[in-house]
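Subject: Handing over the structure

Hi there,

Here is the structure I promised to pass on to you. Have a look at it, and then read on for what turned up.

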Amino acid sequence: QKYLQTRKMLELTYYKGYRQVIEAEYKQEWVHIDPLLTPPEQRTWVDMLTNFSLEKIKTWLYNEFLQVNDPYPDPGLVRI
């Protein structure tokens, strides 16, 4: 039971300098999202990467990830 609680607690960590900070009291439930891009999104990304459109990439990432509300997507899926 303690092992499972510790694993759950380690899903969300912060860093202060080089030190890892773990919040023991915060209970987070993740929501599942589809980590794969749709075909139109894939074409958009290929176009942005081919043309080195850094501002378009930045705007896309900001629009996609700064609008996320609680409950948050699983961090393992977001890393994909």
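To start with a question: is Trp-45 buried or exposed? Please keep in mind throughout that this is a predicted model. The answer is that Trp-45 is buried, because its relative accessible area is 16%, and the cut-off for that class is under 20%.

Trp-45 also has an aromatic partner. A search through the whole structure gives 1 aromatic pair. Trp-45 belongs to helix α2 (residues 39-50) and Trp-60 to helix α3 (residues 54-65), so the pair ties together parts that are 15 residues apart in sequence.

The axes of α2 and α3 come within 9 Å and cross at roughly 145°. On the α2 side, the contact is made by Glu-41, Trp-45, Met-48 and Leu-49, while α3 brings in Lys-56, Ile-57, Trp-60 and Leu-61. Sorted by class, the contact has 6 nonpolar residues, 2 charged ones and no polar ones.

Between α2 and α3 there is a loop, and Phe-52 lies in it. Phe-52 has a positive phi of about 55°, although it is not a glycine. Most residues other than glycine have a negative phi. Phe-52 counts as exposed because its relative accessibility is 66%, with the class starting over 50%.

Now to the strands. Strand β1 (residues 13-16) and strand β2 (residues 19-22) run antiparallel and are joined by 4 bridges. Thr-13 has Ile-22 of β2 as its bridge partner, and Lys-16 stands opposite Arg-19 in β2. The hairpin of β1 and β2 has 2 residues between the strands, and Gly-17 takes a positive phi near 70° there.

Further along, the loop between α3 and α4 (75-79) holds Asn-69. At 59% relative accessibility, Asn-69 counts as exposed. From Asn-69 to Val-46 the distance is 28 Å, C-alpha to C-alpha, and the two are 23 residues apart in sequence.

Finally, here is the chain as a whole. The chain has 4 helices and 2 strands, and along the sequence they follow the pattern α-β-β-α-α-α. The radius of gyration is 17 Å, well over the 12 Å that the globule rule gives for 80 residues, so the chain is more spread out than a compact globule. Along the principal axes, the C-alpha atoms fill a box of roughly 50 × 30 × 20 Å. Of the 80 residues, 11% count as buried, and Trp-45 is one of the buried residues. Among contacts between residues at least 6 apart in sequence, 43% join residues at least 24 apart.

Enjoy exploring it!

Best wishes

Terms used. Residues are numbered from 1 along each chain as its sequence is written. This is a predicted model: local features need pLDDT of at least 70, side-chain atom pairs count only at pLDDT 80 or more; totals for chains, interfaces and linings use all residues. Side-chain values use heavy atoms; hydrogens and water are left out. Rings of Phe, Tyr and Trp (its six-membered ring) pair if their centres lie within 6.5 Å; planes under 30 degrees apart count as stacked, over 60 as edge-to-face and the rest as tilted. Buried means under 20% relative accessible area, exposed over 50%, partly exposed in between (1.4 Å probe, protein chains only). Axes are lines fitted to C-alpha atoms, for helices over the stretch in contact, and angles run from 0 to 180 degrees between N-to-C directions. Contact means heavy atoms within 4.5 Å. Ala, Val, Leu, Ile, Met, Phe, Trp, Tyr, Cys and Pro count as nonpolar, Asp, Glu, Lys and Arg as charged, and the others, Gly among them, as polar. Two strands pair if DSSP finds at least two bridges between them. The radius of gyration is taken over C-alpha atoms; the globule rule is 2.2 Å times the number of residues to the power 0.38.
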